[in-house]
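Subject: Structure for you to look at

Hello,

Here is the structure I promised to pass on. Please open it alongside this note; my findings follow below.

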Amino acid sequence: MISGSGHAAGERAVAGADLDGLAALVDRLDAVALLAIVFTLGRHGLTGAHDLDEVYAATKVAPRHRRIVRRWLRALVAQDLATVEDGRYRLRRPVTAAEVERARAELDTAARGLEHGAGLARFFQLSVSYLPELLRDEVSLQALLFADADLDVADDVYQRNVASRYANAAAADVVASLARPGLRVLEIGAGVGGTSAVVLPALAAHRPDYLFTDVSRFFLSSAKERFAAYDWVRYGLFDVNGDFAAQGHAPESFDVVLAANVLHNARHATEALAGLRKLIAPGGALVFVDTTVEHHQLMTSMQFLMSPPATDPDADFADFRRGTDRIFPSREEWLDSLQAAGFGAGCLPPPGHPLGRIGQYLFVGRV
């Protein structure tokens with residue numbers, strides 16, 4: 001369902017990058033994250049056998065982040081770094097601060113020779129340093145990601161790293177292939193505009209009706225400044241979990257709906273996709289980028305952005321993720337959900353591609 005030009009555009013965007021080395025770096029990031037998790041739990045005195053309530057109490061984890069602690073413990077058991085018996089978890093061995101620092105230094109050395117967004121590894125290192133404070137909600141990940149209102153690190157996370165360069169270039173190619181007079185585009189969860197920055201130039205010659213949206217106004221002001229040259233872009237709010245009609249969007253009012261790293265926030269994946277399909281006119285498409293792997297590095301960084309609000313700390317998904325503490329649907333679950341919502345579905349990169357190990361995919365649902 002995706003033309004070969006989409007993959008070719010993605011390949012051009014990452015030409016010369018060491019993709020196999022990058023996949024190995026991701027594995028190393030995950031390994032360092034696991035060491036940091038064990039060290040963080042150990043420094044809170046969790047050296048014996050403890051049940052979940054005891055772990056919560058020792059770490060003083062904010063209620064809305066408790067599912068992150070549960071993910072940590074499952075990951076440690078799966079990687080044979082901890083055991084669980086009768087609901088009580090025990091770390092197999094302690095991890096010292098010196099061991100974590102050595103691993104981080106090796107990570108810096110490995111990352112230095114790879115083109116993957118200079119700030120990405122630094123941001124991971126920073127979030128690892130603040131794990132106790134992040135757990136207690138004394139420091140927010142937003143404060144680390146957008147320190148001093150600087151979007152540079154966020155651009156490394158969402159735009160300049162190799163996996164995002166591939167996905168954004170492929171997305172821009174797919175959207176441009178649909179361009180025609182009067183094209184109507186809705187971008188949802190546009191955030192820092194990492195994907196917009198690639199898609200908008202690809203559409204500039206067509207001057208479409210382009211609605212850049214996010215769930216809050218936090219990013220809209222900076223986006224208006226960043227994309228001021230594209231005077232055909234409009235800005236507004238959009239909640240993927242809200243009633244689309246109540247938000248002012250009629251059926252078949254767009255030709256393309258674009259989303260990057262946001263649809264995993266939908267409470268019910270298939271229902272959200274079905275709702276978006278109704279917004280798309282015949283011949284149009286839903287084009288979205290999302291992560292499909294619960295990387296350990298994400299459990300020590302970006303997943304703190306995805307916890308429920310403090311006012312509803314036990315909020316859960318309503319689909320196949322309910323009760324699992326998972327956030328990201330797998331590649332196969334997204335494809336199945338697209339088909340269940342009535343789309344013709346496809347995704348990139350193709351099977352066997354080195355970037356598949358990173359687990360970020362471009363999905364296209366055709367109407």
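Start with H249, which sits in the loop between β6 and β7. A word of caution before the rest: this is a predicted model. Is H249 buried or exposed? Its relative accessibility is 10%, so H249 counts as buried. Leaving aside residues up to four places away in sequence, H249 touches L211, F238, F244, F254 and L279.

The seven-stranded sheet

Next, the sheet that β6 and β7 belong to. It is open and has 7 strands, in the order β6-β5-β4-β7-β8-β10-β9. The pairing is mixed. Which strands stand at the edges? They are β6 and β9. Each has a single partner strand, so one side of each is left without a neighbour in the sheet. On average, neighbouring strands of this sheet are turned by 20° against each other, direction ignored.

Two of the pairings are worth a look. β4 and β5 run parallel and are joined by 4 bridges.

β8 itself is mostly covered. Of its 12 residues, 10 are buried.

Helices on that sheet

Helix α13, residues 269–279, lies across β4, β7 and β8. It runs at about 140° to β8, which spans 280–291. Helix α15, residues 331–340, packs on the sheet too, touching β8, β9 and β10. The direction of α15 makes about 10° with that of β10.

Then there is α11, residues 196–203. Which of its residues are buried? They are S196, V199, L200 and L203. Seen down the axis of α11, these buried residues fall within an arc of 100°, so they line one face of the helix. An α-helix has 3.6 residues a turn, so residues three or four places apart point the same way. What covers the buried residues of α11 includes α10 (162–177), along with the strands β4 (184–188), β5 (209–214), β6 (233–237) and β7 (254–260).

The three-stranded sheet

There is also an open sheet of 3 strands, ordered β1-β3-β2. Its pairing is antiparallel. The edge strands are β1 (49–50) and β2, and each pairs on one side only. β1 and β3 run antiparallel and are joined by 2 bridges. In that pairing, H50 has Y89 of β3 as its bridge partner. Helix α4 packs on this sheet, where it touches β2 and β3. The direction of α4 makes about 105° with that of β2.

Cavities

How many cavities of 30 Å³ or more does the structure hold? There are 2.

Backbone points to check

Most residues other than glycine have a negative phi, and most peptide bonds are trans.

D80 is not a glycine, yet it has a positive phi of about 60°. It lies in the loop between α4 (66–78) and β2 (82–85). With 46% relative accessibility, D80 counts as partly exposed.

D137 is not a glycine either, and its phi is positive at about 65°. It is found in the loop between α7 (131–135) and α8 (141–145). D137 is partly exposed, with a relative accessible area of 34%.

Finally, the peptide bond from L348 to P349 is cis, with omega near 5°. P349 is in the loop between β9 (344–348) and β10 (360–366).

Best wishes

Terms used:
Residues are numbered from 1 along each chain as its sequence is written. This is a predicted model: local features need pLDDT of at least 70, side-chain atom pairs count only at pLDDT 80 or more; totals for chains, interfaces and linings use all residues. Side-chain values use heavy atoms; hydrogens and water are left out. Buried means under 20% relative accessible area, exposed over 50%, partly exposed in between (1.4 Å probe, protein chains only). The arc is that of the directions from the helix axis to the C-beta atoms. Contact means heavy atoms within 4.5 Å. Two strands pair if DSSP finds at least two bridges between them. Axes are lines fitted to C-alpha atoms, for helices over the stretch in contact, and angles run from 0 to 180 degrees between N-to-C directions. On a 1 Å grid over the protein atoms alone, a cavity is a set of points where a 1.4 Å probe fits but cannot get out, and a pocket is an open set with protein on both sides within 12 Å along at least five of seven lines; lining residues have an atom within 4 Å of a point. Grid points are joined across faces, edges and corners, and a volume is the space filled by probe spheres set on the points.
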